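Hello,

Here is the structure I said I would pass on. My notes on what was found in it follow below.

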Amino acid sequence: MSLLSPAEGWYYKKVSKDEKMWMLIALVLCIMLFVWMVMWHVYGKQNPSSTTYKTNTIEFAQLTEAYIKKNMIGVDNGIPVVRPEPNSDVFLMAEMWRWSPVLVLEVNQAYKMHISSKDVVHGLSIQPVNMNFQVYPTYDYLLEFKPTETGEYKVVCNEFCGIGHHTMIGKIVVIEKEEDLKLYGYENMKKAPVAAVAKDDSAPMSDADKAILGEQVYTLKGCGACHKTDGTVLIGPSWKGLYGKEERVKEGGKVFNVLVDDAYIRESILEPTKKVTVGFENLVMPQVPMNDEELDYLIAFIKSLKD
Amino acid sequence: MSNTIQEAGDLQPAAVTAVAAPEQIFRTCDITGFKVDLRSEKLIRANAVAAVVSLLLAVTAALLLVFTRYQPVHLLNAEWYYRLVTFHGLNALIFWIIFFEVAGLYFGSTVILNTRFSSPKTGWVAFWLMIAGLVISNYYILIGKADVMLTSYTPLKAHPMYYLGVILFAVGAIIAVVLFFGNLMIARRERTYGDSLPLVAYGFMTAAIIALITLATGAIIYIPTFLWSLGLVDNIDPAMYKLIWWGLGHSSQQINVAAMVSIWYMVSFLTVGGTSINEKVSRTAFVLYILFICLASAHHLLTDPGVSSAWKVWNTSYAMYLAVLASMIHAFAVPSSFESAQRRWGYNKGLFEWLSKAPWGNPAFSSIILAVIGFGFIGGTTGVIFGMEQTNIIVHNTIAIPGHFKGTVVIGTTLTFMGITYYLIPLIFRRKIVGMGWAKWQPWLFFIGIALLSISMIVLGQLGVPRRHWDSTFSGGPFTYNFNPAVDFFWTLMMLGGSIAFLSVCIWIGIVVTSVFFGPRVNGPEDMQLKISPLAPPAKSHKGFEAPGTLVLTFIFLLVFLALFFLNWKWLAATWYVK
């Protein structure tokens with residue numbers, strides 16, 4: 001009588017035996033689910049951490065940059081490679097659209113991973129082991145991972161983060177012994193002093209030296225996520241042969257040519273949305289915080305990328 | 001059919017008191033005997049039509065999306081893929097469902113209570129606000145100013161007009177819900193029904209209460225976000241945004257569940273004259289949905305920073321998962337209402353004669369049975385397992401999550417709404433159903449399509465495939481990744497399922513549109529193509545089990561659940577250690 005008022009005495013009708021039985025089973029199951037989750041914290045090995053630090057995007061980006069500078073052993077496809085000590089604190093930063101750095105970990109060793117985003121919300125998804133966590137800007141999530149199997153793992157982004165979302169893929173390599181590094185072409189990577197060029201305040205640096213430092217800036221700041229240096233055009237224009245070229249740009253609806261020089265590059269980095277290269281209007285470049293020195297090096301690096 | 005529902009229930013329409021509106025606003029239905037407020041009927045029609053239009057928009061986008069993710073075709077470019085994901089989400093999950101629910105709420109609070117509509121004019125204001133919201137939001141999505149997904153997680157920012165559109169729609173929906181309560185109040189005051197609300201109206205009332213809670217939550221998050229997009233608010237904390245947004249996003253699914261389960265009971269009554277074997281139990285289960293509304297929302301934060309494990313475990317369960325329990329209770333109460341009625345009609349042989357002799361030729365009946373199966377076996381099982389703190393690690397943000405809610409909201413809610421429409425066409429639109437032959441197949445086609453789609457998505461997700469992702473070959477990225485080769489098979493299956501489901505929706509829309517606009521008029525009970533069953537006769541004796549067949553079915557469900565449960569935990573145990 002579901003369309004009509006219930007029959008007289010419905011409230012006092014006895015619950016039938018089978019319905020009672022089912023409800024009891026269902027209730028026990030529901031309570032079991034709760035107990036199970038609690039027990040997994042005691043006996044299980046996979047539990048999301050409860051440790052979060054409040055941070056801000058600039059602070060976290062600086063921490064990650066400093067961390068990478070200190071521990072970098074090489075570069076893989078434009079992304080710095082870091083080989084952290086077991087049980088150490090590791091920084092893994094998500095940004096539009098890359099994971100930085102690439103990590104070389106040892107199997108059955110624990111690593112305290114600080115994970116946060118430089119811009120929007122991202123999703124950390126380690127494949128093929130298929131472990132997934134949410135990554136926010138301004139929250140530093142501390143997850144202690146212990147890889148249980150060797151191999152090459154990819155870090156996919158599985159939270160929509162803009163038009164380049166599908167290009168956001170990072171890498172974690174888990175090794176057992178030193179020889180394993182060969183499998184990934186990392187055998188020659190060693191931790192070296194980051195500044196390959198000794199900085200001497202008395203004499204001005206040569207352009208070549210600046211360019212070397214500029215390449216580090218390129219790697220650390222993640223420019224390579226969008227700008228390649230080999231002529232391929234991805235999300236942003238390639239930097240190969242860019243310096244000294246005439247580019248068609250759009251500013252406030254007007255389209256005109258502009259010469260790519262120091263001033264233009266500087267402006268494009270500091271105010272990415274001011275002049276936008278024709279053909280890339282829908283792909284807004286994010287703000288990348290940079291100081292004067294870094295800008296200087298980066299421009300030198302772009303200059304060095306001849307056709 | 002001589003007996004109308006009114007006579008069958010032996011309930012005479014109560015005397016209209018002096019307060020009531022003049023009699024000419026009503027017609028008395030010659031099929032059911034209900035007194036129908038003509039102004040309410042118009043509103044029900046308008047909202048139902050808007051719902052169907054939204055569904056058409058949603059499934060058109062869905063087909064394009066399926067053929068984009070199906071890599072051999074890879075139809076849309078990245079920009080349009082994400083744009084249409086946003087578009088599909090909004091039109092399917094919000095516009096289609098809420099318009100239909102408003103129609104349902106108006107039906108449940110006027111027609112089946114024999115009462116008048118509290119304020120038809122306000123009803124039209126609500127309707128046009130919702131339409132305005134629909135048009136504005138869809139426009140700003142399609143011109144590319146709101147590529148933010150349905151969830152619009154900050155700091156992704158859409159055009160202010162997009163948020164405004166959503167807010168207008170929500171305001172309209174809130175007004176509609178308030179009118180529903182107004183109707184209930186009038187019915188109560190004028191005593192147009194017995195002492196207690198009919199179960200269906202009670203279920204709709206649950207849906208309405210939940211709707212108010214969730215829409216209020218929506219206002220709490222959308223209004224500041226709107227101001228932020230205008231530059232009037234500096235910052236919307238992303239974790240706070242996600243927490244509150246899901247107070248709208250998942251709690252609103254409980255509106256769907258409550259409305260859907262109400263319709264299940266309604267169809268049991270219409271097709272076999274059945275009702276819950278114990279109304280107190282069913283009503284209690286509805287109340288549990290209201291009391292434990294927040295549990296499902298908290299599921300969305302299981303792998304997030306910001307909240308502790310204790311918070312997560314407690315707030316997704318309150319120690320006993322009582323919202324799950326509510327659905328488990330209905331999982332028994334709904335089939336047993338069919339079984340008990342069928343047995344009383346004499347289909348008493350063995351465990352399952354009640355089922356084999358059921359009115360399978362009635363598309364509303366088959367829709368509802370298939371919706372119950374899909375909702376329970378696909379949506380329900382995965383929902384519970386994915387909603388546990390640790391197992392969420394292996395599915396969070398993978399395509400298994402939309403796979404889960406294709407099971408709940410598409411097979412469950414959408415198929416239910418499609419099924420009940422076969423009754424609404426003759427009873428509310430007063431037209432005969434054109435293409436009954438097609439109508440008999442449509443629910444099966446839809447079920448098969450979405451089941452394939454949904455199960456494939458769940459398997460793909462378990463293999464790590466992300467949701468809302470344009471290119472799973474990662475073209476242009478610094479590295480690439482090849483998923484388990486098995487994914488190719490499931491992508492194909494998903495594409496097939498999606499195509500079948502799309503075809504089925506087209507058939508359904510074709511039937512609805514042709515019937516409503518061109519179908520022959522219904523002039524009386526003789527034009528009724530679907531049976532309206534009289535009440536099942538009372539039971540002779542009450543010994544032993546009342547619904548043994550249902551009990552066996554629920555045990556099968558339990559076994560399937562436990563199998564999936566242990567499979568998922570086994571899978572989780574094989575991953576890296578993390579704490």
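Strand β10(A) pairs with strand β3 (residues 577–578) of chain B in the antiparallel sense, over 2 bridges. Two strands pair if DSSP finds at least two bridges between them; strands (E, at least two residues) and helices (H or I, at least four) are DSSP runs, numbered from the N terminus. Within β3(B), Tyr577(B) is the bridge partner of Lys146(A).

This is a predicted model, in which local features need pLDDT of at least 70, side-chain atom pairs count only at pLDDT 80 or more, and totals for chains, interfaces and linings use all residues. Residues are numbered from 1 along each chain as its sequence is written, while chains are lettered from A and ligands numbered from 1 in the order in which they are written.

The contact takes 75 residues from chain A and 87 residues from chain B, where two residues are in contact if their C-beta atoms, placed from the backbone, lie within 7 Å. On the side of chain A that touches chain B, α1(A) gives the largest share, 15 residues.

Within chain B, helix α2 (residues 38–69) and helix α3 (residues 78–109) pack at an angle of about 155 degrees, with their axes 7 Å apart. Axes are lines fitted to C-alpha atoms, for helices over the stretch in contact, and angles run from 0 to 180 degrees between N-to-C directions. α2(B) and α3(B) are therefore roughly antiparallel to each other (angles over 145 degrees count as such).

Regards

Key
Angles under 35 degrees count as roughly parallel, over 145 as roughly antiparallel, 65 to 115 as roughly perpendicular and the rest as oblique.
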